Amino acid sequence: MKNLTINSTRFLYSFFAVCLVSILFSCNSKEKDAGDDDAKVASQTPVTVTTIDESTLNDYIDLNASSTTLQKNYVKANANGYIQQVTAQLGRDVSKGQVLFTIKTKEAQSIGNSINALDTNFKFSGVNKIKASAPGYISQLNHQAGDYVADGDALAVISDRSSFVFLMQLPYELRQYVKTGQNVDLTLPGGKKILGIVKSFMPTVDTVSQTQGVVIGVNNNTQIPENLIAKARIIKASKNNSATLPKTAILANETQTEFWVMKLINPTTAIKVPVTEGIQSGDRVEILSPKFSKDDKIVVTGNYGLTDTAKVKIVVP
């Protein structure tokens, strides 16, 4: 009877031990399953997505163009003497035939008064008037009253406003994209835009830079100073209704020879899809191949470093 009691006690102890082990194992299994679920959620990369869009793209280049006047008239002294009066002012507009300088010859300065004293009817003054040969504005003034000048010395420069243009230096390999009569958008410092028209090409090419001067005419009523540098935009190609993606959606290798995007095949999986680029304009890039549908979702942020069949989580930007 005693042995039966001992065996029963042992049985109860074994039963309770088995139950306790089962309970502990079940709790550990639940904790492990919960930990696996948390790990799966943590392994998902948060991303934002976009879709293909049809846009008008322009492939263009920006070049510098400086303002200048092609026609300059040089005002020169016509005798040796002293400048008595100067009516020309730097930056001031002048008309054709306007008196700019008066010069008293060296001989008149020396003996003019003596000759007039001998014969009052002779009326010898020895004063020469220098007039503007063309309309424009004084862009350079070399002498003032009292200066001694020799015959042929440059006194001033008159810039002809009607010859005001922008001169663009065009790399010769881009010559095929610029034609006479073509419109060119000019952006001045400060952001102001004006329309220019290609007038002509300079007959020579710079030996060092291999660039050719292009004359771009603008509205003559636009008051723009000389030597102002503007940005001239030349359109190389234009496409309408092109399939485009944001530039940030496209990834590339280190040598920029391979390009790809991360496309979602389901709400949590993104795969690597190689693409061929076309025209780039601003932050949009043309996708030549493959042909994506408007329902395809492409990862646009959070895509850097993602591997093929990466686990992702779409978030609202």
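A residue is called buried when its relative accessible area is under 20%, exposed when that area is over 50%, and partly exposed in between, as found with a 1.4 Å probe on protein chains only. By this rule, both phenylalanine 164 and phenylalanine 166 are buried. The structure is a predicted model, in which local features need pLDDT of at least 70 and side-chain atom pairs count only at pLDDT 80 or more, while totals for chains, interfaces and linings use all residues. Residues are numbered from 1 along each chain as its sequence is written, and side-chain values use heavy atoms, with hydrogens and water left out.

**Strands and their pairing**

- An open sheet is formed by 4 strands in the order β3-β10-β8-β5, with antiparallel pairing. Because β3 and β5 stand at the edges and each has a single partner strand, one side of each is left without a neighbour in the sheet.
- Within this sheet, β3 and β10 are joined in the antiparallel sense over 5 bridges, and valine 75 stands opposite alanine 156 in β10.
- Strand β4 (residues 81-86) pairs with strand β6 (residues 99-105) in the antiparallel sense over 5 bridges, and isoleucine 83 has isoleucine 103 in β6 as its bridge partner.
- β4 also pairs with strand β9 (residues 148-149), again in the antiparallel sense, over 2 bridges; here tyrosine 82 has tyrosine 148 in β9 as its bridge partner.

**Two hairpins**

- Strand β12 (residues 183-187) and strand β13 (residues 193-205) run antiparallel and are joined by 5 bridges, with glycine 196 in β13 as the bridge partner of valine 184. Their hairpin has 5 residues between the strands, and in it glycine 190 takes a positive phi near 105 degrees.
- β13 pairs with β14 as well, in the antiparallel sense and over 5 bridges, and isoleucine 197 has glycine 217 in β14 as its bridge partner. The hairpin of β13 and β14 has 5 residues between the strands, and glutamine 210 takes a positive phi near 55 degrees there.

- Threonine 211 lies in strand β14 (residues 211-217) and is buried, with a relative accessible area of 11%.
- Leaving aside residues up to four places away in sequence, threonine 211 touches Gln169, Leu170, Pro171, Tyr172, Thr204, Val205 and Asp206, where contact means heavy atoms within 4.5 Å.

**Salt bridges**

- A salt bridge is a side-chain nitrogen of Lys or Arg within 4 Å of a carboxyl oxygen of Asp or Glu, and the count comes to 5 salt bridges.
- Aspartate 62 forms a salt bridge with arginine 233, with the closest N and O atoms 3.0 Å apart. This pair links distant parts of the chain, since aspartate 62 is in strand β2 (residues 53-69) and arginine 233 is in strand β15 (residues 229-246), 171 residues apart.
- Lysine 72 forms a salt bridge with glutamate 226, with the closest N and O atoms 3.1 Å apart. Lysine 72 lies in strand β3 (residues 72-76) and glutamate 226 in the loop between β14 and β15, so the pair ties together parts that are 154 residues apart in sequence.

**Aromatic rings**

- Rings of Phe, Tyr and Trp (its six-membered ring) pair if their centres lie within 6.5 Å, and planes under 30 degrees apart count as stacked, over 60 as edge-to-face and the rest as tilted. The count comes to 2 aromatic pairs, among them phenylalanine 164 and phenylalanine 166, which are edge-to-face at 5.9 Å centre to centre, with 80 degrees between the planes.
- A charge sits over a ring if NZ of Lys or CZ of Arg is within 6 Å of the ring centre and within 35 degrees of the ring normal. Arginine 233 lies over the face of tyrosine 60, at 3.7 Å from the ring centre, and the charged end of lysine 272 sits over the ring of tryptophan 260, 4.1 Å from its centre.

Definitions and conventions:
Pairing = 2+ DSSP bridges.
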